[in-house]
Structures are given as structure tokens and as C-alpha cells.
Amino acid sequence: GAIDEDAPWYDRYRGYWLSALLLLAMGSKAITENAYFHRVVRAGFHARVAVSVAVYNKSLRLTNAERQSTTLGELINLMQVDASKIEMFIPQIHVLWDGMFQIIGYMTILYTLI
């Protein structure tokens, strides 16, 4: 119902406090998620670069006989396409454990409200 005129100030302005708290919570969530995604995407980029460098260094150490059995297209494929797949895999693997925390948190909130 309605709030009485003689109610304490913290009861009369409860909606403002709750909306300010929601604003702070969503702001901190946005900042922490942005930092999280930045780190995860950067880790994927580092993995792609590491794989590309490892394949390139290995290709430099191949003997002539081994170079004849491997085409240039296969080496480029290993260095670029497959390394890019690893780069895209790194952020997705974090969704598995992060998603579990989110599901557990949301289920806990729903359970306390029901």
C-alpha cells in the first residue's frame, strides 16, 4: 500500500535507494564483465599467436624430404585457419564453467523468491 506521511525517511525514499542500488549493481556488472571478456579474448589471441609461431618454427626445421610431403597450403592452413579455431575456442570454453555459476546463481534467486 501507500506509505504514511509520518513514516521514517528511509521508508519514504526506499524506491530511490533501491533504484540507486540497482544502478550501482548493473554498473559494476558491466565493468567486471567487460574486463572478463577482454582477458578471455586476449588469452584466445595469445593462443592463436603461440600456435602460429610454433607451426612456423616447426616448418623452418623441416628437412627437404619432409617439405616435399607437405604442401604450402597445408602449412598456411595450420598457421591461420586452425589457429583461428583455437582462438575462437578459448572464449567458448570459459562459457562452460561461467555458465554453471550463472545458472546456479539464477536458480538460487528463483528458489528464494518462490
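Gln 80 is part of helix α4. Helices here are DSSP runs of H or I with at least four residues, strands are runs of E with at least two, and both are numbered from the N terminus. Between the C-alpha atoms of Gln 80 and Ser 52 there are 6.9 Å in space and 28 residues in sequence.

The model is predicted; local features need pLDDT of at least 70, side-chain atom pairs count only at pLDDT 80 or more, and totals for chains, interfaces and linings use all residues. Residues are numbered from 1 along each chain as its sequence is written, and side-chain values use heavy atoms, with hydrogens and water left out.

Helix α4 covers residues 72–113. From its first C-alpha to its last, α4 reaches 61 Å with 42 residues, close to the 62 Å expected at 1.5 Å a residue. The expected span is 1.5 Å times one less than the number of residues in the helix. At Leu 78, α4 bends by about 35°; this bend is the angle between axes fitted to the seven residues ending at that residue and the seven starting there.

Asn 77 also lies in α4. Asn 77 counts as partly exposed because its relative accessibility is 34%. Asn 77 and Arg 14 are 63 residues apart in sequence, and their C-alpha atoms are 60 Å apart in space.

Which residues of α4 are buried? They are Leu 75, Met 79, Ala 83 and Gly 99. An α-helix has 3.6 residues a turn, so residues three or four places apart point the same way. The buried residues of α4 pack against α2, which runs over residues 14–60; contact means heavy atoms within 4.5 Å.

Helix α2 has 47 residues and reaches 69 Å from its first C-alpha to its last, close to the 69 Å expected at 1.5 Å a residue. Its buried residues are Val 40, Gly 44, Ala 47, Ser 52, Val 55 and Ser 59. What covers them includes α3 (64–69) and α4.

Two of these residues can be followed to their contacts. Ala 47, in helix α2, touches Ile 86 and Ile 90, not counting residues up to four places away in sequence. With residues up to four places away in sequence left out, Ser 59 touches Arg 67 and Leu 75.

How are the two helices arranged? Helices α2 and α4 pack at an angle of about 150°, with their axes 8 Å apart. Axes are lines fitted to C-alpha atoms, for helices over the stretch in contact, and angles run from 0 to 180 degrees between N-to-C directions. The two helices are therefore roughly antiparallel to each other, because angles over 145 degrees count as such, while those under 35 are roughly parallel, 65 to 115 roughly perpendicular and the rest oblique.

Asp 4 is exposed, because its relative accessible area is 52%. Asp 4 and Val 55 are 51 residues apart in sequence and 74 Å apart in space, C-alpha to C-alpha.

How values were computed: Buried means under 20% relative accessible area, exposed over 50%, partly exposed in between (1.4 Å probe, protein chains only).
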